[in-house]
Amino acid sequence: MSALQKIFPGMYRDSVALMRLSAEASELPGIEAVSAIMATEANIALLAEAGLLDGLPDAGPNDLLLVIQGGDDAAIAAGADFIESALNDTPDAGGEGGGEAALPHSVEAALSSQPAANLALISCPGEYAGAEAMKALRLGLDVMLFSDNVSVADEVALKTLGDEMGRLVMGPDCGTAIINGVPLGFANVVRPGNIGLVAASGTGLQQVSCLIDDLGGGISQAIGTGGRDLKSEVGGRAMMRGLEMLAADTGTEVIVLISKPPDADVAKRLIDMAENCGKPVVINFLGAGGGAATLEEAAHLAVAAANGETADIANLPRHNLDADGVAKARAALGPAQGSIRALYSGGTFAYETMLILQPLLGPIWSSSPLDPDGLLDDPWQSRGHTVIDLGDDIFTRGRPHPMIDHRLRGERIVQEAADAETAVILLDVVLGYGSHDDPAGELAAAIGEARDIAEAAGRWVNFVGFVCGTDADPQNAARQAEVLTGAGVLLTPSNAQAARLAADIVGSGP
Amino acid sequence: MSSDLFHSDLSVVNVGLGSFADAIDGAGGQAIRTDWRPPAGGDVDAGAAVAALINDAQIDAANETAFANYLAAQPILEGVGRAGDCLPGMGERTITHSGPPVAWQDMCGPVKGAIIGAIIYEGWAADEAVAQALADSGEVTFAPCHHHNAVGPMAGIISPSMPVWIVKNSSSGNMSYCTLNEGLGRVLRFGAFDGEVLERLNWMQDVLARVMDAALDVLGGIDIKTIMAQALHMGDEVHNRNAAATSLLIKALIPAALRSGLDQAEIAAAIEFMAGNDHFFLNISMAGCKSMLDAAHGIAGSTIVTAMSRNGVEFGIRVSGAGDQWFTAEAPVVDGLYFPGYSMADAAPDLGDSAITETAGLGGFAMAASPAIVQFVGGTPADAILRSREMQQITLGRNPALILPALNFGGTAAAIDVRKVADQSVLPIINTGIAHKEAGIGQIGAGITRAPMECFAKAVRWAADNKAGG
Amino acid sequence: MGRARALSIGPGIDPLHFHGTVHSVFGRALNIGLDSGRLAALVATELPNAPATIRVDPGGRAFTEFAVPGETAACRAGILRFGGGLTVDLRSAQSWLAEAPDGRPNKAAWQSLYNITTRTTMAGELKQWPGLRICLHPENFGDMPPGRLIATLDPLVGLGPGLTPAGDDFIAGLAAALYWSGSGSLLAPHLPGWAARTTQVSRWLILDSSAGQINQPVCDLAQALASDGAAPAADAVLKLGHLSGTAMILGLLAGYGFAWPDLAADRGAAA
């Protein structure tokens with residue numbers, strides 16, 4: 001075996017681009033391992049752990065480090081060439097020059113060349129992201145801070161300054177927003193309308209906006225607050241500002257607030273503000289109060305309010321499979337098969353499902369359980385009913401998010417199918433900008449492999465899922481649904497319905 | 001006061017994942033892409049310091065003042081004088097050197113050699129051994145030239161008896177000084193100190209200085225900026241390419257020297273000396289640049305760089321609002337083009353006060369005026385233009401008196417702001433000669449190098465700590 | 001190209017954050033059409049403070065070098081940047097607001113100003129416009145009931161020559177006087193309609209004046225009228241625009257005359 005280590009000083013590329021490139025290069029003949037990373041301490045440690053480093057390379061965080069291991073020198077050379085030409089094939093390769101239209105290197109430089117800029121979307125590595133957001137704010141821009149691993153202190157400083165300056169700070173860890181009809185981050189293409197959303201959960205925002213679209217309603221603005229906004233230390237500042245902006249917005253007639261349970265003082269403040277804002281506000285705090293208990297209910301209530309009607313949420317369908325269908329799914333199972341294995345790419349869906357399943361089935365195991373008793377000893381190994389958020393840090397270290405890269409979930413699907421206990425595998429399929437080009441195709445392949453394994457052991461495994469998306473999304477929800485149905489997945493319109501269907505199949509329901 | 005975000009067209013600056021910009025464009029919004037890399041070379045604390053300094057009205061106002069002073073400067077070459085009489089605070093046992101402060105025992109080979117030579121030249125010691133002992137003893141005071149209103153190329157050694165150019169900024173009155181250029185080959189500034197070197201130094205002190213001073217007296221002074229501006233139109237960048245400026249200088253001095261009434265033979269010798277050295281103007285250029293930048297120095301709160309300088313061990317910068325403080329880092333060894341038989345292994349780390357020219361917007365910043373320079377890094381003339389443009393990203397503005405024809409007759413980028421350097425991780429570019437690491441061998445190559453990021457990281461941390469209002 | 005620092009800003013603009021497009025450019029001033037619908041003016045130092053006006057030192061350059069019509073102009077955190085490269089620093093600019101005069105005009109001063117203004121050549125030019133003739137007789141506004149005042153002013157909207165039609169300038173002067181005399185509410189119901197009927201520049205002139213926000217020279221003149229002493233210097237206002245200043249003074253006189261009919265009584269020589 002041969003190895004190559006090469007440093008590109010001063011060359012910076014973002015982590016997702018590098019991971020994709022490494023993945024492509026690893027498919028080349030004769031290549032055993034490839035990793036192209038920015039030589040930060042953390043990344044170097046990762047490479048060392050993986051056995052890819054020979055000593056400590058003389059490279060710093062602004063240098064690109066490439067390591068290749070392969071069968072022979074020729075294969076390695078080919079791999080290195082492939083990577084190098086891809087790295088140099090950009091409009092402004094490296095930091096040394098570029099063409100007439102060299103790209104700006106900072107927010108300030110960008111603003112000088114485009115004075116009308118009014119929002120900064122920041123998705124650089126977390127250790128730098130807080131500072132970038134601060135600069136953008138000081139320069140008078142509104143901010144969407146996609147990056148996570150930004151400290152609470154930084155978040156509070158940003159939102160305090162934002163309030164002083166009259167600017168909006170979305171995030172940190174804000175994955176989704178739709179402003180003036182423009183999708184920011186991971187967002188779906190939804191019908192424009194008069195319902196405004198403010199959400200501390202990206203996938204929660206995505207689900208509610210898509211369901212509203214499904215029900216014939218439309219979105220005026222969708223503001224993300226970041227996952228930590230509703231903790232006491234941050235005080236719900238971004239959600240309050242978002243609520244204020246939507247209350248004043250002539251294009252918004254109904255407002256929806258979405259979050260996992262806020263800290264009590266923050267929840268109270270928000271509910272008071274909502275009651276006094278002058279427009280109908282639908283609140284879904286995922287089990288901690290508010291008129292909507294699920295994301296699905298929130299969408300129904302909102303659309304009804306927008307139409308000047310009331311929604312009969314008490315009588316929403318349990319799910320979309322009739323009694324025969326449920327019986328058939330149950331009958332296909334062997335006596336040992338009794339467990340639900342829910343594998344999510346969206347953390348809010350995982351949370352909502354646990355809320356729904358726990359009263360029906362008892363304690364649910366998870367890497368981020370509702371009760372500490374439910375904590376899995378090993379997150380890589382399911383037991384009983386298990387609900388996993390594959391977007392959690394444990395699983396994404398050194399990897400792209402599961403909404404972008406389906407390999408890890410594919411492997412876990414196969415692993416669950418090989419487990420004799422598994423009765424139902426529950427999946428979310430999230431579409432929209434930022435997500436994989438063809439999640440259904442990726443999943444169908446894994447599902448196929450899983451079925452083969454189960455069949456070889458004489459078992460049938462049920463797959464239940466839902467598509468979070470619209471037909472207008474780049475992936476086209478209708479086509480994605482076709483592929484999934486073709487792979488034998490039982491599709492429901494929402495996560496809540498999928499969870500209830502899974503529960504019915506393992507025999508808890510009526 | 002509420003955000004008017006919903007009432008305007010969305011125009012998004014995208015920092016990070018490029019796919020987000022594609023999505024915005026695809027959905028009919030406007031995305032402004034950036035080529036972002038971690039600020040301050042990846043130093044998280046320095047990056048956070050920069051964030052606190054962006055769009056600070058007081059810093060910006062101080063910088064405008066510093067910049068205005070720099071632009072208004074009119075350095076006039078008035079004459080030649082004795083260093084010990086001219087340089088303020090120059091005691092009779094003081095020797096100044098280039099770059100930030102450095103202790104005798106830590107100095108690099110060429111600088112030590114040049115100091116030995118100066119000690120002998122001054123007559124404080126008869127030979128190398130005694131000179132060495134004297135330097136070891138601590139009886140000689142060593143200080144940066146910059147601390148005494150002066151600059152010097154390479155080792156930059158100035159001792160009391162040496163003749164220095166006298167430059168006065170006629171706008172604000174500040175004075176600057178620099179030694180006269182010895183020429184190429186075995187010279188003191190590379191650490192040589194044999195008989196030939198000392199003889200030349202003595203001749204310069206006796207004859208050259210006198211002829212120059214007399215000629216300048218007849219002329220009533222020479223406007224340095226005018227020569228620089230003309231030279232930029234003629235292929236010079238007045239740091240590593242000085243041939244045109246030197247010719248213009250000689251053109252002005254000859255008639256004046258002839259009218260000075262001095263001995264013809266001496267005048268002839270002086271003129272021949274100048275004519276034989278294409279870099280004769282460099283030292284005047286350096287004093288002129290120091291003159292412009294000293295006018296910009298000392299403005300409270302300003303983050304403008306007023307000196308970049310190296311002593312063969314450390315690279316240091318000075319910042320207008322930071323007084324006498326130096327922000328230093330290890331001086332890099334330059335990866336350039338080496339003369340036959342030499343390589344990077346032979347090179348002294350970067351050395352000399354001559355980066356004062358870049359600090360003033362000349363030298364590497366004016367590379368567009370002198371495309372031949374890029375041959376040092378295997379580039380094309382187009383690269384020279386790109387480098388000059390690139391420097392516009394880290395400077396406050398441009399100097400309309402120093403025009404680069406290749407940039408559509410625009411002024412050269414000037415007034416480096418440490419915030420912009422750190423924020424964008426774009427470093428000032430310097431054209432430089434490379435000295436052999438052993439004293440006395442001389443120049444072994446030339447190249448293009450960058451000022452080290454660590455200096456700017458330290459400077460922004462200082463600026464954030466000292467921000468008015470905290 | 002280049003950088004400039006603003007000295008003062010009038011009301012009607014958020015000095016931290018706005019966006020618009022350059023509307024028109026002259027030698028000593030340029031206008032920006034803001035997204036909010038207002039026009040903001042950028043003017044040279046020697047021009048007076050006024051609502052929605054930013055005074056800036058052009059450093060010897062003509063404003064035609066600064067920007068061209070159609071260019072973006074956006075202010076972020078107090079720094080105004082133009083698409084062509086000019087930046088104007090608004091952060092340390094003084095906030096200017098029109099101040100109401102200390103009291104009502106004294107009779108001698110009113111009559112002196114009346115005599116000066118009605119005898120100018122500009123006044124003569126205004127007389128050439130039949131519809132504007134009423135403006136030349138501020139003394140006749142003293143015995144008008146409110147209804148007739150409105151009926152008199154209505155046809156003046158958008159009438160007459162100038163970038164700001166002289167009729168609008170007259171109304172502006174009158175509206176300021178009414179506001180300062182405490183009768184501003186009289187015009188309030190009619191202002192939206194009048195504003196909608198005239199040019200973009202005049203629209204805001206009328207609306208601002210009706211809230212007492214009018215250019216500094218007119219404020220100075222009103223203050224001079226209220227002080228002791230007989231002959232207030234009208235030059236600064238008379239040289240505004242071509243006919244604008246004259247029309248504004250006539251409106252001011254008319255408005256004060258309406259509020260205090262005694263001002264026009266016992267005049268000496270007729271106009």
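Tutor: Let us begin with a term: a residue is buried if 20 or more other C-beta atoms lie within 10 Å of its own. Please also keep in mind that this model is predicted.

Student: Okay, then is Pro110(B) buried or exposed?

Tutor: Pro110(B) has 28 other C-beta atoms within 10 Å, so Pro110(B) counts as buried.

Student: And which helix does Pro110(B) lie in?

Tutor: Pro110(B) is part of helix 5 of chain B.

Student: Which residues does Pro110(B) touch, leaving out those up to four places away in sequence?

Tutor: Pro110(B) touches Met154(B), Ala155(B), Phe190(B), Gly191(B), Gly312(B), Ala348(B), Leu351(B), Ala435(B) and Ala439(B).

Student: Is the crossing left-handed or right-handed?

Tutor: The crossing of helix 5 of chain B with helix 7 of chain B is right-handed.

Student: Which residues make that contact?

Tutor: From helix 5 of chain B come Gly117(B), Ile120(B) and Tyr121(B), and from helix 7 of chain B come Val197(B), Leu198(B) and Leu201(B). Five of these contact residues are nonpolar, one is polar and none is charged.

Student: What about helix 9 and helix 10 of chain B, at what angle do they cross?

Tutor: Helix 9 (residues 243-258) and helix 10 (residues 264-275) of chain B cross at roughly 175 degrees, and their axes come within 10 Å. An angle over 145 degrees counts as roughly antiparallel, so helix 9 of chain B is roughly antiparallel to helix 10 of chain B.

Student: Which residues are in contact there?

Tutor: Helix 9 of chain B contributes Thr246(B), Ile250(B), Ile254(B), Ala257(B) and Leu258(B). Helix 10 of chain B contributes Ile267(B), Ala270(B), Ile271(B), Met274(B) and Ala275(B). By class, this contact has nine nonpolar residues, one polar residue and no charged residues.

Student: Now chain B as a whole. How many helices and strands?

Tutor: Chain B has 15 helices and 18 strands. Buried residues make up 61% of its 470 residues. The C-alpha trace of chain B spans about 80 × 50 × 45 Å along its principal axes.

Student: What radius of gyration does chain B have?

Tutor: Chain B has a radius of gyration of 23 Å, which agrees with the value near 23 Å for a compact globule of 470 residues.

Student: And chain A, how many helices and strands?

Tutor: Chain A comes to 17 helices and 18 strands. The radius of gyration of chain A is 24 Å, close to the 24 Å that the globule rule gives for 510 residues, so chain A is as compact as a globular protein of that length. Of the 510 residues of chain A, 53% count as buried.

Student: How many residues meet between chain A and chain B?

Tutor: In that contact, 46 residues of chain B meet 56 residues of chain A. Among the elements that give two or more residues on the chain B side are strand 1 (11-15), helix 1 (18-26) and helix 13 (381-391) of chain B. By class, the chain B side has 23 nonpolar, 17 polar and six charged residues.

Student: How many residues come from chain B and from chain C in their contact?

Tutor: Chain B gives five residues and chain C gives seven residues. On the side of chain B, one is nonpolar, three are polar and one is charged.

Student: Changing topic, is the peptide bond from Gly171(A) to Pro172(A) cis or trans?

Tutor: That bond is cis, with omega near 5 degrees. Pro172(A) is in the loop between strand 6 (169-170) and strand 7 (176-179) of chain A.

Student: What is phi of Asp173(A) near?

Tutor: Phi of Asp173(A) is near 65 degrees, a positive value in a residue other than glycine. Asp173(A) is in the loop between strand 6 and strand 7 of chain A, and counts as buried because 23 C-beta neighbours lie inside 10 Å.

How values were computed: Residues are numbered from 1 along each chain as its sequence is written. Chains are lettered from A and ligands numbered from 1 in the order in which they are written. This is a predicted model: local features need pLDDT of at least 70, side-chain atom pairs count only at pLDDT 80 or more; totals for chains, interfaces and linings use all residues. A crossing is left-handed if the near helix is turned anticlockwise from the far one by less than a right angle, and right-handed if clockwise. Helices (H or I, at least four residues) and strands (E, at least two) are DSSP runs, numbered from the N terminus. Two residues are in contact if their C-beta atoms, placed from the backbone, lie within 7 Å. Ala, Val, Leu, Ile, Met, Phe, Trp, Tyr, Cys and Pro count as nonpolar, Asp, Glu, Lys and Arg as charged, and the others, Gly among them, as polar. Axes are lines fitted to C-alpha atoms, for helices over the stretch in contact, and angles run from 0 to 180 degrees between N-to-C directions. Angles under 35 degrees count as roughly parallel, over 145 as roughly antiparallel, 65 to 115 as roughly perpendicular and the rest as oblique. The radius of gyration is taken over C-alpha atoms; the globule rule is 2.2 Å times the number of residues to the power 0.38. A residue is buried if 20 or more other C-beta atoms lie within 10 Å of its own, exposed if 12 or fewer, and partly exposed in between; C-beta atoms are placed from the backbone.
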